[in-house]
Amino acid sequence: MRRALAGACALAFAAVLAAGLACGRRERERPVPVAAAAETPRVRLSVELYFPGERTFLERERREIETTALPEDQIAAVVGALLAGPDDSGLAAVFEQPVEVGPCYLSPDGVAYVDLRSADGAPLPGLGSTQEIQTVYSLVNSVALNVNDVRRVVLLWNGTQPATFGGHLDTSLPLAPLRGLAPRG
Amino acid sequence: MVSSRGVNKAAALCLSLLGVALAFRLAAVEKAPPPLPVLHSGSAQVTVDGRDGEILYAITEKGPLFGLTPLTVLLGGEVASDPAGRAFTLTVGETELVFGPESESVVISGAPPEEAVLALSQRPQAASFGLLVPLDLLEISYGRVSGLAFRWDPDERRLAVSRPPANEVAVAAEVVHLSGATTVVLTFRDQPARYRVVAGEGWMDVQVPGGSFRLTGGEAAASDPLARGIEAEPGRLRLRLAPEVRASHYTLDEPFRIVFDLAATGEGATSLGAQRGAGGLTTIVIDPGHGGTETGAIGKGGAVEKELALALALALERRLEAELPGVRVVLTRTEDLLLPLAERAAIANQNKADLFISIHLNSSAGGRPTGAETYFLSLQASDRLAAAAAERENPPGGGTDGADSEESALALILWELAQAEHLAESQRFAGLVQAELNQALGLKDRGVKQAPFSVLMGAAMPAVLVELGFLSNPEEEARLKEEPYREQLVTAVARAVARYQATREPAPLAEARP
């Protein structure tokens, strides 16, 4: 099992490295890569973001976002919009503390790697199980259910893949969206 | 004088026995053909009376097969098998059905001769988590006995179970004695439209006008220190009390239950609790969540989940050791240290625990929810793990990393299956914990839930994760910081353990060999 975890982490590191190299210039110019390079045609996406709700784990909020046709840019745009918070005051922010989206990468087999960057490299916040489910699957569902070709999502925290975000869920594996958490539409 | 009805019954019994012998003897002699290839498998939704659950299913060329054990939890009934796993007996009400993975027939006890042995559309299939059975076996068993109708929607992966209106009132009784008090729980398959509870001298009645009670369980009431038995009669269910015993009652929903609390009013009541032993439980592992650098939830008032979870777990250990003599209680941690999630379940497995209870306090990102909730493992996790394992074994882009990858994949699948085998019991125990927490504390009922919690996956025994309140709610956080309140929580969980051990089937005895 430890070898399996080590393998997953190594893969994640490689992915981050690849993403970092690919997006390095943009990173230096714009720390939050929610937009694409100037030469890439821009597109407008209609997405549904998943925010922690009062009565259910997650509730959807429709949003129009501007990005490019590149899946990495779309992943970053979706996560950036999610981290910017909900419009509906009845919904909650994914994180209570400031968190930004770092480099994103989509592997050929449909696994999206999303690096979350906390202010000053702060460690993961303490989370109860409900909050951990809300935090992890707001990100996973928002990315996997809005960006074509994304089947599963790996979440990184300041460049490394934690075994768990809050001590309940196993985040050492790529996560598929949990549709049962979303309200019936 | 023997009546024709008696002759028919005898003939049916003979035919049944002959059928069983024939079906399984033939299979043994002729060597059963291999099971049909599974074209697709996964988890499906099952809807019973508008309530959703999850079951495992598989599709063969002859149609769907469904995991039997979870269905018996939802629909009632009991499954037993012979030690070799070749003959299974499903008991639904008074009816016994015998079938197995080597035969395309089912034998029904007490049925007319022409209906005692019926053909199935395909043979059941054995899986590591239990037996998969075809749809027509469910129709034969639950359809005939309980009048249930089944409809499988392959597109939605949903099995809908509906009940016809009936005057029969199906009730399952459960009796638990602990610390000189007895609790009798009557669980109704359907809540009666009209009922009333009437107290008399030495008895308590549940009366349902025009109802015909079908009672299962409750035999322990006959030998309980505070009760004399439970009797089903047309229109009423009577709980007989021992002399100098008073009873109170309350109701619970989903499913509808009437709970009687019995207490002795005379002398000697306090010593009655010691009369019952620890039943089938020998070892219980309690897991205080988090620890070390992993704090878990932190309340605005400064309460830290890892600290409260440890305090609650230590108190529960003391309570269980006092209340259930002979039961060994093991904690995964007794101090402030961080244990990997996998190691917690491994401790339970190494100690051959019969029950695993992970203690947590909750927090939410939205609103100010309060209350307790009890989780058992979601099957969605198994889909995810299996898929992830398969991907690692055959990564896109070519090549595998050989034995390491295979070992990883195998380990993941085995871990997941370790708990899959115990899901039904985990669900049952979770229901008991939740009911006790609801009743004892008047907490908001957040219900029994399922989630892919990692700490439950590797546990090879019934396992639950209990969230005992929300630290993100300031009022509940303040209560959780008070020891008397935590003692109430511990009492509720301990009562659930006692009820579970009282109703738990004993471990099968080793087969005698000549």
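Predicted model: local features only at pLDDT ≥ 70, side-chain atom pairs only at ≥ 80, totals over all residues.
Visitor: Which strands form the open sheet, and in what order?
Guide: Four strands of chain B form it, in the order β15-β16-β19-β18, with antiparallel pairing.

Visitor: And which ones are the edge strands?
Guide: β15 (196-200) and β18 (227-233) of chain B, each of which pairs on one side only. From one strand to the next, the twist averages 15 degrees.

Visitor: How many bridges join β15(B) to β16?
Guide: Five, and the two strands run antiparallel; β16 covers residues 203-207 of chain B. V197(B) stands opposite V206(B) in β16(B).

Visitor: Where is E244(B)?
Guide: E244(B) is in the loop between β19 (236-241) and β20 (245-252) of chain B.

Visitor: Why does E244(B) count as partly exposed?
Guide: Because 14 other C-beta atoms lie within 10 Å of E244(B), and a residue counts as buried at 20 or more and exposed at 12 or fewer.

Visitor: How far apart are E244(B) and E201(B)?
Guide: They are 43 residues apart in sequence, and 9.9 Å apart in space, C-alpha to C-alpha.

Visitor: Now helices. At what angle do α8 and α11 of chain B pack?
Guide: About 140 degrees, with the axes 8 Å apart; α8 is residues 423-441 and α11 is residues 483-503. The two helices are therefore oblique to each other, and α8(B) passes α11(B) in a right-handed crossing.

Visitor: Which residues make the contact?
Guide: Those of α8(B) include F429(B), L432(B) and V433(B), and those of α11(B) include L489(B), A492(B) and Y500(B). By class, the contact has eleven nonpolar, two polar and three charged residues.

How values were computed. Residues numbered from 1 in each chain as written. Chains lettered and ligands numbered in written order. Axes fitted to C-alpha atoms, helices over the stretch in contact; angles between N-to-C directions. Parallel < 35°, antiparallel > 145°, perpendicular 65-115°, else oblique. Left-handed = near helix turned anticlockwise from the far one by under 90°. Contact = placed C-beta atoms within 7 Å. Nonpolar A, V, L, I, M, F, W, Y, C, P; charged D, E, K, R; others polar. Pairing = 2+ DSSP bridges.
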